[in-house]
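Please open the model in your viewer and keep the selection tool at hand. The tour goes from one selection to the next and says what is found at each stop.

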Amino acid sequence: MSLELYLDLFSQPCRSVYIFAKKNNIPFEFKNISLLTGEHYEEEFGKISMIRKVPAMRDGDFCLTESIAIMLYMVQKFKTPDFWYPADLQHRARVDEYLSWQHMAIRMHGSKMFWLRLLIPKVMGVEVPQEKLDAALEDLNGSLKLIEEKFLQDRPFIAGDHMSLADLVAIVEIIQPVGAGLDVFEGRPKLSAWRDRVEAAIGKELFDDAHHAILGAQESVKMMDPSKMQLFKPKILKLFM
């Protein structure tokens, strides 16, 4: 029996799990869960994920949430190539360091920019004050600077000469604000060159496939039904505004 992966490719962590499984030829059944229409609150999904978040995985009777945990599970179960999560102590420590840092930094800042620039004004119809946008951009720029100066430095990839889970998790987060029309690579040659290396390592076809929805978000939101987001609108506004 293949894995069941519950994903929404609008979500950065879902894209990392999707790319990892596809790149490593791991058989899985794609279960689409639309976050923007609230499918994660439906009763059936609650049986898979009590915390009602994606990604989620089911392997037989075993259910697992959180993207990093899911990818590490796949690393062990499917014996994926070493470069993803190196056996070398120090290379693995570099991967772990980035994965530990990113949750409250680029993850949060990229997501906030996506909501403030696109979903809140265009779908929810709520005006975002300029000072909110300016503060969010400052936070995002701070995280991007740390990725360049601390995590990449002069290395081709975060852990050294080869792509790892750290680079995969980083690229999906950095692409998120691009989906809202903010070119975070402009004026950042080091980050741009790293992005090209990551895309080449993943493969352009898979990279484009995984990011098709998010990079088309500015058009797709025009067709969204705002009423579908009323359930969690107060929570979103409290979180980002």
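A polar contact is a pair of N or O atoms within 3.5 Å, where, within protein, one must be able to donate a hydrogen and the other to accept it, and where residues adjacent in sequence count only if both atoms are side-chain atoms. This is a predicted model, in which local features need pLDDT of at least 70 and side-chain atom pairs count only at pLDDT 80 or more, while totals for chains, interfaces and linings use all residues. Residues are numbered from 1 along each chain as its sequence is written, and side-chain values use heavy atoms, with hydrogens and water left out.

**Helix α4**

Begin by selecting Asp88 and Gln90: Asp88 caps the N-terminal end of α4, with a side-chain oxygen 3.2 Å from the backbone nitrogen of Gln90. Helices (H or I, at least four residues) and strands (E, at least two) are DSSP runs, numbered from the N terminus.

Now extend the selection to residues 89-102, the 14 residues of α4, which reach 20 Å from the first C-alpha to the last, close to the 20 Å expected at 1.5 Å a residue; that expected span is 1.5 Å times one less than the number of residues.

Next, colour Val95, Tyr98, Leu99 and Gln102, the buried residues of α4, where buried means under 20% relative accessible area, exposed over 50%, and partly exposed in between (1.4 Å probe, protein chains only). They lie on the same side of α4 because they cover an arc of only 95° around the axis, the arc being that of the directions from the helix axis to the C-beta atoms. Turn to the face away from this buried side, and you will find the exposed residues Leu89, Gln90 and Ser100. To see what covers the buried residues, show α3 (67-78), α5 (106-123), α6 (130-152) and α7 (165-175), which are among the covering elements.

**Salt bridges**

Side chains of opposite charge can pair when their charged atoms come close. A salt bridge is a side-chain nitrogen of Lys or Arg within 4 Å of a carboxyl oxygen of Asp or Glu, and a search of the whole structure finds 12 of them.

Select Arg58 and Glu4, whose closest N and O atoms are 2.9 Å apart in a salt bridge. This pair links distant parts of the chain, with Arg58 in strand β3 (residues 56-59) and Glu4 in strand β1 (residues 3-7), 54 residues apart. Arg58 is partly exposed, at a relative accessible area of 28%, whereas Glu4 is buried, at 13%.

Finally, select Arg195, Asp196, Glu199, Lys204 and Asp208, which are linked in a network of salt bridges.

Technical notes: Contact = heavy atoms within 4.5 Å.
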